[in-house]
Amino acid sequence: MKIAVLPGDGIGTEIVAEAIKVLKVLDLPFEMETALVGGAAYEAHGHPLPESTLKLAQASDAVLFGAVGDWKYDTLDRPLRPEQAILGLRKNMGLFANFRPAICYKQLVDASSLKPELVAGLDILIIRELTGDIYFGQPRGRRIATDGHFPGAEEAFDTMRYSRPEIERIAHVAFQAAMKRDKRVTSVDKANVLETFQFWKDIVTEIGLQYPEVTLDHMYVDNAAMQLVRAPKRFDVVVTGNMFGDILSDAAAMLTGSIGMLPSASLNSKNQGLYEPSHGSAPDIAGKGIANPLATILSAAMMLRFSLNQAAAADRIEAAVSKVLDSGLRTTDIWSEGTTRVGTVEMGDAVVAALAK
Ligand code: NAD
């Protein structure tokens, strides 16, 4: 089992170190190799995704990724910005399905911005298509300035597009995920306005016929946004396009209280995947030793389950995280009155200790 470890920038290095600590105590035959990505790679090699890093990722069963980015790179030409590394990895590894579970741990129910009864027991899975939609439409590459701006232009536009195979494969992923859960899929679209999403809706419906045990419903994205904050527990699996998924998964993340708790996985058709916390590099707290490492540790658990076929080890990590929360330890982002505030390293140590018990 080969894992490419790409810590990246900001808190990326701090949180990935804790996840590695946790993986190491499992005593499984991993081979881990670390490489630079994002701003760190730009500083060392002049590119956020050097050829050597990409090759390592492609040759591995899974990539454990921290986060990339810093405001100091905002003035760089777009192709050299740290965030381009993620797009490059997605594209070159063919990662098309992004899994973002939003689980509200009972111990953190008060950290949510919604009323406890709305989020207690919340367990939804947002599946976002990653390779199509308006983010990869035609005008890409036709930019008239490499810095991404349009001096003197009167208009700008992007084209929304999806192909049948792209929709079919993400629909299969969603129905298969639902089969292992509560057997409900909500497909989110904007078919009332956009042709692309009428096409999406028709194809998802067609694929749904192959999964008679799964209940499929369709929802417009504006209503889905509303339902997510009104009655989030009505959802089981939500499947949607690249842009709507980008927005809805962040909204769903906040239902659970802290972005520091949420893992994610991006998979290709061979189950090779990139695993990363849902948050960014948090430059505001980088180097302070206070970042929450649990999203990254839980991403490592997803990696064990989806790409490395080690479901039992994944269950053990998730149970250990729950035990640590039961014991009242909290990083600053999830701290509340009556709990014990700890730093990044102490939180990682606590998960290691809970695993050993
Ligand atoms: P962010 O997710 O980095 O931070 C948002 C807020 O959440 C900050 O206040 C931060 O301190 C807090 N936060 C995030 N993760 C935390 C954790 N583990 N523990 C405690 N608090 C945490 O988003 P941002 O500030 O908008 O972006 C910062 C940089 O990250 C930018 O350069 C952005 O482009 C980049 N970014 C990278 C990724 C990625 O690598 N996948 C994703 C999003 C943003």
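Guide: Welcome! Two strands count as a pair if DSSP finds at least two bridges between them. A strand is a DSSP run of E with at least two residues, a helix a run of H or I with at least four, and both are numbered from the N terminus. The model is predicted, so local features need pLDDT of at least 70 and side-chain atom pairs 80 or more, while totals for chains, interfaces and linings use all residues. Residues are numbered from 1 along each chain, and side-chain values use heavy atoms, without hydrogens or water.

Visitor: How do you know that strand 5 and strand 8 are a pair?

Guide: Four bridges join strand 5 (residues 123-129) to strand 8 (residues 237-240). At least two are required, so the two strands pair. They run parallel, and leucine 125 stands opposite valine 237 of strand 8.

Visitor: Where do these strands sit in the sheet?

Guide: The open sheet has ten strands in the order 2-1-3-10-9-4-5-8-6-7, with mixed pairing.

Visitor: What makes strand 2 and strand 7 edge strands?

Guide: Strand 2 (31-34) and strand 7 (215-220) each have a single partner strand, so one side of each lacks a neighbour in the sheet.

Visitor: Which strands does helix 10 touch?

Guide: Contact means heavy atoms within 4.5 Å. Helix 10 (residues 294-306) packs on the sheet, touching strand 1 (2-8), strand 3 (62-67), strand 4 (97-103), strand 9 (263-267) and strand 10 (273-277). Helix 8 (residues 221-230), for its part, lies across strand 5, strand 6 (184-189) and strand 7.

Visitor: What makes a residue part of the lining of the second largest pocket?

Guide: A pocket is an open set of points on a 1 Å grid over the protein atoms alone, where a 1.4 Å probe fits, with protein on both sides within 12 Å along at least five of seven lines; lining residues have an atom within 4 Å of a point. Here 25 residues line the pocket, and Phe99, Leu125, Met302, Arg305 and Phe306 lie nearest its centre. Strand 4, strand 5, helix 6 (164-179), strand 9 and helix 10 each give two or more residues.

Visitor: Which domains supply the lining?

Guide: Domain bounds come from an automatic or database assignment, which divides the chain into domain 1 (1-104 + 272-357) and domain 2 (123-255). The lining of the second largest pocket takes at least three residues from each of domain 1 and domain 2.

How values were computed
Axes fitted to C-alpha atoms, helices over the stretch in contact; angles between N-to-C directions.
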